[in-house]
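Have a look at the picture before reading on.

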Amino acid sequence: MATEFLNSESELIACAQAGDCEAFCALTRHYERRIYSLALHYCRAARDAEDLTQEVWLRAFRALADFRGDASFYTWLRQIMIHAFLNHRRGAAVRHADTTLQLSQLAEGALDEAPTHARDAETTLHDRLLVAQVMDALGELPAQQRLIFLLKHDEGMTYEEIARALGCAPGTVKKALFRAVAKLRMRLCVETESSDEATRLAPCAASKNF
Amino acid sequence: MHDCRRTQAQLTDLVCDELPQAERVRVRAETAACGACHAEYRALAETLRACVRAETMVQPPEDFWPGYHARLSQHLQAHPVAPQTTTRTFVAGQRPTSLWWWRRALTASWRVPAPVAAVVALLLVVLSALALRPAPANIVLAAPPQVESAAPERIVTVPVVQEKLVTRTIYVTRRDQAQSRRTPQVSRASGAQLAGTAQEQTVERSAAPLMLTGFQPAGEVKLRVIKGNFTHEQ
């Protein structure tokens, strides 16, 4: 099964390199969910995530002739995605002074715009608040720290892999991740003293959004 | 000896699974033995667990993807990419052509940290400025041309206030030449005596009427000037 997939992937890549758009569209099916999920966590808005992923795929299509098969297609694609994310951050910083979504927008609008499983009947208010709080906390991180955090915990990349992808030292990645986790912890008000999980994850009084 | 600060500094690496096996076992053991470190570890782990849990909840449902893929395909087809005439994809067992290597060598680029690039650029500017700087003007005085003169060469010491080349054209009458031949010892006299003699002759000539008949300039006599100033005057 895996071999068939690889064969079909290499065939699709060869056809797409020859300019076959249909083949490339078929290739996108394999990775579009993974790319979109990461973009959604990075942008925290469904519309921005869709724009960003379309840009990633278009860049990949244009650069596909440079793909030599040294690494896997997804590793190559992820590198394009990281550059697109960073450029999106720079562009967004110029276009919008503050792209951080408000918690109320995220809880009521963005989550509805990107429908989630949390909309099921089993969805609780606690889950919605947790999602909103985590997304808001992620939004307060600097873009590079947010990207490093997502690459580490969503993509499962190591410090060295992230450092290579971002063109920095592994120590820089480690520091950024340490700071990101510390900020998230502070923002989510996870206390060390309390052993009660519900208490630790509940919004604390210090949160101005609650 | 347990050090809480050292252990807690490694807790992020522990929850991110970035510690080597032996170090992981040691930090886990220390965390289990120390209440403060254990509470810190649990807080970090809980933070990451909450983030991962929230992220997994933010996932589009299945009915989102067909529309998304249709929009993506439409976007890609709206921006067609020209097919590559020369593909650089390697096929197993096939060697890349030399043209490919040349193209790669000519278009190669390296990622350089910005401070290093700035220092290299600055060095290039400085070196270029040094290389393009005009050379200092070296005044080389050409040796005076040796003039073959039929007239006897005399050494005359002339006091010079500043360094100057003095060239004088001396017109000598035949009578003076004959007189100078009769008194060869005068030419060997010192410069001061010569100067005095010349002055006396000038006075004599100014007193006697000049006879310009048959006067012909004797060739140009090059005087060798001994540089000096009043302190060196003899």
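## Getting to know chain B

Of the 234 residues in chain B, 21% count as buried. Keep in mind as you read that this is a predicted model.

What kind of secondary structure does chain B have? The tally is ten helices and zero strands, so reading from the N terminus gives you α-α-α-α-α-α-α-α-α-α. As for how the chain folds back on itself, take the contacts in chain B between residues at least 6 apart in sequence: 67% of them join residues at least 24 apart.

## Where the two chains meet

Now for the meeting of the chains. On one side there are 65 residues of chain A, in contact with 45 residues of chain B. The size of an interface is often given as the accessible area lost when the parts come together. Here the area buried between chain A and chain B is about 5,300 Å², with carbon and sulfur atoms giving 61% of it. Three residues, A:Arg33, A:Gln54 and A:Arg68, supply 12% of the area that chain A buries against chain B, more than any other three residues.

There are polar links across this interface too. The rule finds 15 residue pairs in polar contact between chain A and chain B, counting pairs with both residues at pLDDT 80 or more. Several helices of chain A give two or more residues to the side that touches chain B, including α2 (21-43), α3 (46-63) and α9 (170-187). The top contributor is α2(A), with twelve residues. Sorted by class, the side of chain A that touches chain B has 32 nonpolar, 16 polar and 17 charged residues.

## Salt bridges between the chains

How many salt bridges are there between chain A and chain B? The count is five. One of them pairs the side chains of B:Asp13 and A:Lys174, at 2.9 Å from N to O.

Another salt bridge brings together the side chains of B:Arg71 and A:Glu50, at 2.3 Å from N to O. This pair crosses between chains, from helix α5 (residues 65-78) of chain B to helix α3 of chain A. Are its two ends buried or exposed? B:Arg71 is partly exposed, with a relative accessible area of 34%, whereas A:Glu50 is buried, at 13%.

## Salt bridges within a chain

Over all chains, a search of the whole structure finds 15 salt bridges. In chain A, the side chains of A:Glu155 and A:Arg78 meet in a salt bridge of 3.3 Å, N to O. The two belong to distant parts of the chain, 77 residues apart: A:Glu155 sits in the loop between α7 and α8 of chain A, and A:Arg78 in helix α4 (residues 73-95) of chain A. A:Glu155 is buried, with a relative accessible area of 11%, and A:Arg78 is buried with a value of 11%.

In chain B, B:Glu46 and B:Arg49 form a salt bridge through their side chains, at 2.8 Å from N to O. Both are in helix α4 (residues 35-57) of chain B, and because they are three residues apart there, about one helical turn separates them. B:Glu46 counts as buried at 8% relative accessibility, while B:Arg49 counts as partly exposed at 38%. Back in chain A, salt bridges that share partners join A:Arg34, A:Arg78 and A:Glu155 into one network.

In soluble globular proteins, nonpolar side chains tend to be buried together. The largest nonpolar core here has 81 residues, and those with the most contacts inside it are A:Phe24, A:Trp57, A:Phe73, A:Leu77, A:Phe85, A:Phe149 and B:Leu76. Helix α2(A) provides the largest share of this core, 13 residues.

Let's zoom in on B:Leu76. Leaving aside its neighbours within four places in sequence, B:Leu76 is in contact with A:Cys21, A:Phe24, A:Cys25, A:Thr28, A:Trp57, A:Leu58 and A:Phe61.

Beyond its neighbours within four places in sequence, A:His41 has contacts in both chains, among them A:Met135, A:Leu150, B:Glu55 and B:Val58.

Next, look for A:Asp136, which is found in helix α6 of chain A. A:Asp136 counts as buried, at 5% relative accessibility. A polar contact of 2.7 Å joins its side chain to that of A:Arg187. The C-alpha atoms of A:Asp136 and A:Leu188 are separated by 9.5 Å, with the two residues 52 apart along the chain.

Conventions
Residues are numbered from 1 along each chain as its sequence is written. Chains are lettered from A and ligands numbered from 1 in the order in which they are written. This is a predicted model: local features need pLDDT of at least 70, side-chain atom pairs count only at pLDDT 80 or more; totals for chains, interfaces and linings use all residues. Side-chain values use heavy atoms; hydrogens and water are left out. Contact means heavy atoms within 4.5 Å. Buried area is the accessible area (1.4 Å probe) that two parts lose on being put together, summed over both. A salt bridge is a side-chain nitrogen of Lys or Arg within 4 Å of a carboxyl oxygen of Asp or Glu. A polar contact is a pair of N or O atoms within 3.5 Å; within protein, one must be able to donate a hydrogen and the other to accept it, and residues adjacent in sequence count only if both atoms are side-chain atoms. Helices (H or I, at least four residues) and strands (E, at least two) are DSSP runs, numbered from the N terminus. Ala, Val, Leu, Ile, Met, Phe, Trp, Tyr, Cys and Pro count as nonpolar, Asp, Glu, Lys and Arg as charged, and the others, Gly among them, as polar. A nonpolar core is a set of buried Ala, Val, Leu, Ile, Met, Phe, Trp, Tyr and Cys residues joined through side-chain atoms within 4.5 Å. Buried means under 20% relative accessible area, exposed over 50%, partly exposed in between (1.4 Å probe, protein chains only).
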